[in-house]
Amino acid sequence: AYQLIETELGIPVLRLEYMPLDLEFKTAIWKETSITLQFYYNENIIILYEGEKADNMSVGIESDRNEKKTVYNERLNQDITYLGNELEDGRIEYETLLTIDENIYYFSGIMPEEEFVKIIKFFSFKTS
């Protein structure tokens, strides 16, 4: 899927360099200017959206979220803000949104916070 993102979309490919043992790739959903990679973490769906031209997409992730936190990603040389939202059943859904060079990268799902933080802490861009 990473290779197809690079060749078909022509955008830098954000990679999950750390993947928990319980995280399994499910499918890739292609659209004209984006791809959504879906994974399973136990019984929960986790998504990684990668797309062109962030200004053409509206994502209001802060509208219903709370618990804003930050983790430093050495590979991207930047702080990454993530948000947690407690669901009615007590589980917490985490998400982060990165806009880099007008491209948008969105990662979201229900998993332990420690695992979510490890994943975003080790995000990296594919290098040739």
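Trainee: Which residue stands opposite Tyr-105 in strand 8?

Mentor: In this predicted model, strand 7 and strand 8 run antiparallel and are joined by eight bridges. Within strand 8, Tyr-105 has as its opposite residue Leu-98.

Trainee: Which residue of strand 8 is the bridge partner of Gly-51?

Mentor: Strand 8 also pairs with strand 4, residues 44-51, in the antiparallel sense over five bridges. For Gly-51, the bridge partner in strand 8 is Ile-104.

Trainee: How many residues of strand 8 are buried?

Mentor: From strand 8, Asn-103, Tyr-105, Phe-107 and Gly-109 point one way, while Ile-104, Tyr-106, Ser-108 and Ile-110 point the other way. In a regular strand, side chains alternate between the two faces of the sheet. Both of these sets are buried. Strand 8 is therefore largely enclosed by the rest of the structure, its buried residues numbering eight of the eight.

Trainee: Is Asp-101 buried or exposed?

Mentor: Asp-101 lies in the loop between strand 7 (92-100) and strand 8 (103-110). In this hairpin, which has two residues between the strands, Asp-101 takes a positive phi near 50°. Its relative accessibility is 66%, and the cut-off is over 50%, so Asp-101 counts as exposed.

Trainee: What is the phi of Asn-77, a residue other than glycine?

Mentor: Asn-77 is found in the loop between strand 5 (66-73) and strand 6 (78-86). At 58% relative accessibility, Asn-77 counts as exposed. The phi of Asn-77 is positive, with a value near 55°.

Conventions. Residues numbered from 1 in each chain as written. Predicted model: local features only at pLDDT ≥ 70, side-chain atom pairs only at ≥ 80, totals over all residues. Heavy atoms only, no water. Helix = DSSP H or I, 4+ residues; strand = E, 2+ residues; numbered from the N terminus. Buried < 20%, exposed > 50% of the residue type's maximum accessible area, 1.4 Å probe, protein only. Pairing = 2+ DSSP bridges.
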